[in-house]
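Please consult the sequence and structure shown here alongside the text.

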Amino acid sequence: WNQVEADWAYMLANGPAIDMSDDNGKLVASAIALPYGAFGWVCMVLVAPAWRRQGIATNLMNRVIAILLKDGVTPGLDATPAGREVYRQIGFLDVYGLERLVAERANVSADPPAGTNLRVLTEADMDAVAAFDAPIFAGDRAALLRHLRNRQPERAIGAWRDGALEGFVFARDGRTWTQIGPVIATDADTARALIAAAANAGAGPDNLLMDLMDYHTGMSGWLKAGGFEIQRPYIRMIHGSDQPLDRKEMVFSPAGPELG
């Protein structure tokens, strides 16, 4: 797990959380949901090793899902292959896959398309970024995007063409890896330029992690040529639907499996 205290603090402040403790009050299991309007992201379903295989994770999942459904919110999540089998049994369907890519030292570069300019995002840009993102992401994550900009402001970069926003990238510090994402862009060339700019900003290209939607095969090849390798796959799943909620052609990377 790559989360740090700032991740937990954000999730606990922005979504309903359910936990379970032992008789001594020690936390042994958790589940969180992050509502984004019409859908909510289920995350951090964790059970301590000594308490596994007792149905605790399924119980907590069902309780979180019930909270979302009661409010008319569709649950979604990113599952590991092992978790996928559990989630299918409680109504989740496959939508598409993701690749988790890591690089101990990346070597990626890309120029933006002609006429497109990249620059670091400021707080004054964030309303425009949130408005651009909402119909693509299919939800309101303005608070999350501001949180991410504050985490690593030097890697929060936007792309503009003729005064119009064409895409953005954010990143955050992690326990082991600096995670790049989300990456939203109108085209793959703009996405490459944003990723390269974020990878080489700040502390530079060491120990980077990125979750990539697997339907962007050309992007996957470019990242692997630049020193990234697959760590693990994920499967995006939606409760009761196998259709994506987002405008997937413009979504290159999520914020992470815990954030959507």
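## The largest cavity

In this predicted model, the largest cavity is lined by Phe 39, Trp 41, Val 95, Tyr 96, Phe 137, Arg 236, Ile 238, Pro 244, Leu 245, Asp 246 and Gly 260. The space inside the largest cavity amounts to about 80 Å³. Three strands, β3, β5 (92–105) and β11, each contribute at least two residues to its lining. Sorted by class, the lining of the largest cavity comprises eight nonpolar residues, one polar residue and two charged residues.

## The second largest cavity

Five of the residues lining the second largest cavity are nonpolar, two are polar and three are charged.

## The largest pocket

The largest pocket holds about 1,100 Å³ of space. It is lined by 43 residues, of which Trp 1, Val 45, Leu 46, Thr 80 and Tyr 87 lie closest to the centre of the pocket. By class, the pocket lining consists of 25 nonpolar, eleven polar and seven charged residues.

Several elements give two or more residues to this lining: the strands β2 (27–35), β3 (39–47), β4 (74–79) and β11 (229–239), together with the helices α2 (56–70) and α3 (81–88). The greatest contribution comes from β3, which supplies six residues. Strands β3 and β11 also each supply at least two residues of the lining of the largest cavity.

## Packing of α1 against α5

Two packed helices are described by the angle between their axes and the distance between the axes. Helix α1 (residues 5–14) packs against helix α5 (residues 142–151) at an angle of about 160°, and the two axes are 12 Å apart. Because angles over 145 degrees count as roughly antiparallel, α1 is roughly antiparallel to α5. The two helices cross in a right-handed sense.

On the α1 side, the contact is made by Ala 6, Asp 7, Tyr 10 and Asn 14, while α5 contributes Ala 143, Leu 144, His 147 and Arg 151. The residues of this contact comprise four nonpolar, two polar and two charged.

Technical notes: Residues numbered from 1 in each chain as written. Predicted model: local features only at pLDDT ≥ 70, side-chain atom pairs only at ≥ 80, totals over all residues. Heavy atoms only, no water. Axes fitted to C-alpha atoms, helices over the stretch in contact; angles between N-to-C directions. Helix = DSSP H or I, 4+ residues; strand = E, 2+ residues; numbered from the N terminus. Parallel < 35°, antiparallel > 145°, perpendicular 65-115°, else oblique. Left-handed = near helix turned anticlockwise from the far one by under 90°. Contact = heavy atoms within 4.5 Å. Nonpolar A, V, L, I, M, F, W, Y, C, P; charged D, E, K, R; others polar. 1 Å grid on protein atoms, 1.4 Å probe; cavity = no way out; pocket = protein on both sides within 12 Å on 5 of 7 lines; lining within 4 Å. Points joined across faces, edges and corners; volume = space filled by probe spheres on them.
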